Amino acid sequence: DQFNYKPFILGMSNIIALVVMKNIGKTYPKFKSVRALGPLLVSSLSILATFIFDLENNGINIIGTIPSGLPSLSTDIWFPVIEFNKLISVVISVAIVGFMESIAIAKQLATKHHYELDSSQELIGLGMANILGAMFFSYPVTGSFSRSAVNDSSGAESGISGMITATLVMIVLLFLTSVFEYIPSATLAAIVISGVLGLLDHAEAIFLWKVHKLDFSVWMISFLGTMFLGVEVGLLIAVGVSILLVMYESAYPHTAMLGRLPGTTVYRNVKQYPKAEMYEGIMLCRIDAPIYFANTQHIREKISKYERMAAQRNDGLLNAEANSIVPQKQQINFIIVDMSPVSHIDSSAIHVLGDMNDSYKKNKVQLCLCNPSTDVMAKLVVSGLAKAIGEDYIFVCMHDAVNGCLIELGKMEEEGSLKTLDEAGHEKLQVMMEVGSGDETVEGKEHKL
């Protein structure tokens, strides 16, 4: 339990030597081979020092006895599988954690060396390696973080390095185990540490801190978990945190209240474009995610909030800056929801939209939908919600919806009262609509999807 300065000095000396040789190989192309020879040179010098100075008897641990020879064949004991029920949970855990560790280091190296990574091929490779390894009493095979780092720091550029390494390991097991027994443990640790140092991407951490603090937090949790709890536990923590973030983002999707950019037929987020115009009696909004059971309540609350904001208007147009809104209530007759980004809708969402539509009709408010996708529209039709809303109020685009609602409002004002649209008979609207900012018109355009 006490600090031993001798292996510490040896290990730090090896790390410094490895880092220096690595930097020399990077800086000076003529000495590129120095980088690859670093681990071999350090190991050779350490073995030599063990013989000369008798390091084992001077407080520095060495590897010790290494069994020589190749492992025997194990296929004769594959069947029957003893205690299968106890093994299956362990096997699944090892497979999942092993794949996560392998794909994590593989992605890091792929990013570092600018090549594409095929996760399916990685999984196939791991499966084949484990099948062949199991024939010779092998441990479960995975893409080791530390050994991959050492391989990369040695200058390996392709899978051939693995084949050469396997051949050399076989030669060592057959003829050279007695030599490698004298490598100090501190030297092996130094080789691994120097290799891992090259994978510590501090520039990415700085980038994440500047761009997105939440991503930086996930990075730090992964880093600290891997450093202090091990690769497997660190990866499990990182995956768990990532899943929680995905669930949070899914349960609280982005939504926006929309307004028309002056002089155009373009409708954008009023927070992003404060000068966007909003029409009296009409509330425009957009949902930027699939709607399903986890986020239906949040979306409902957001639409209700936007309705209250739109009901507080100032001189017919609402400025998007919430702090500048003058509390002056007005009746909202139309709620237009842009469904363009909604790729999926489930039964829970259909029920919630149905409840909202029923509630709006009781309050003499018409719900309108814009540009639902083919799948979403099919579910609206099958569920009967499209008929309940009114097929005349499901539009191709936001501008069509706004024009249709403005015409309805005009008719209501001419009649002298604002009555519900279903009382008006849901007649099909035939209008002349100005397109963009030009004089081109589309006569008799039917605002119906």
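Visitor: How many helices and strands does the protein chain have?
Guide: The protein chain has 15 helices and eight strands. Keep in mind that this is a predicted model.

Visitor: And what share of the residues is buried?
Guide: Of the 449 residues in the protein chain, 35% are buried.

Visitor: What about contacts, which share joins residues 24 or more positions apart?
Guide: Among contacts with a separation of 6 or more, 70% are between residues 24 or more positions apart.

Visitor: Now the sheet. In what order do the strands come?
Guide: The order is β2-β1-β3-β4-β5-β6, six strands in an open sheet with mixed pairing. The edge strands, β2 (267-269) and β6 (394-395), each pair on one side only.

Visitor: What packs on the sheet?
Guide: Helix α11, residues 296-311, does. Helix α11 touches β1 (255-260), β3 (282-287) and β4, and its direction makes about 150 degrees with that of β3.

Visitor: Let's take β1. How many of its residues are buried?
Guide: Six of six, so to speak: β1 is mostly covered. Thr255, Met257 and Gly259 point one way, while Ala256, Leu258 and Arg260 point the other way, and all are buried.

Visitor: Why would they go two ways?
Guide: Because side chains in a regular strand alternate between the two faces of the sheet.

Visitor: In which sense does β1 pair with β3, and with β2?
Guide: β1 and β3 run antiparallel and are joined by three bridges; Ala256 has Arg286 as its bridge partner in β3. The pairing of β1 with β2 is also antiparallel, over three bridges, and there Leu258 has Asn269 as its partner in β2.

Visitor: I clicked on Val342. Where does it lie?
Guide: Val342 is in the loop between β4 and α12 (347-362).

Visitor: Buried or exposed?
Guide: Buried, because the relative accessible area of Val342 is 1%, and under 20% counts as buried.

Visitor: What does Val342 touch?
Guide: Leaving out residues up to four places away in sequence, Val342 touches Ile287, Ala289, Pro290, Ile291, Ser373 and Val376. Ile291 is 51 residues away from Val342 along the chain, yet their C-alpha atoms are separated by 6.8 Å.

Visitor: Change of topic. How do α1 and α7 cross?
Guide: The axes of α1 (residues 5-27) and α7 (residues 185-197) come within 8 Å and cross at roughly 40 degrees. The two helices are therefore oblique to each other, and their crossing is right-handed.

Visitor: Which residues make the contact?
Guide: Among them are Leu10, Asn14 and Leu18 of α1, and Ala186, Ala190 and Ser194 of α7. By class, the contact has eight nonpolar, five polar and one charged residues.

Visitor: And what about α3 and α4?
Guide: The axes of α3 (residues 84-113) and α4 (residues 119-134) come within 11 Å and cross at roughly 130 degrees. That makes α3 oblique to α4. Their crossing is right-handed.

Visitor: Which residues meet there?
Guide: Phe99, Ser102, Ile103 and Ala106 in α3 meet Ser119, Glu122, Leu123 and Leu126 in α4. This contact has five nonpolar, two polar and one charged residues.

Conventions
Residues numbered from 1 in each chain as written. Predicted model: local features only at pLDDT ≥ 70, side-chain atom pairs only at ≥ 80, totals over all residues. Heavy atoms only, no water. Pairing = 2+ DSSP bridges. Helix = DSSP H or I, 4+ residues; strand = E, 2+ residues; numbered from the N terminus. Contact = heavy atoms within 4.5 Å. Axes fitted to C-alpha atoms, helices over the stretch in contact; angles between N-to-C directions. Parallel < 35°, antiparallel > 145°, perpendicular 65-115°, else oblique. Left-handed = near helix turned anticlockwise from the far one by under 90°. Nonpolar A, V, L, I, M, F, W, Y, C, P; charged D, E, K, R; others polar. Buried < 20%, exposed > 50% of the residue type's maximum accessible area, 1.4 Å probe, protein only.
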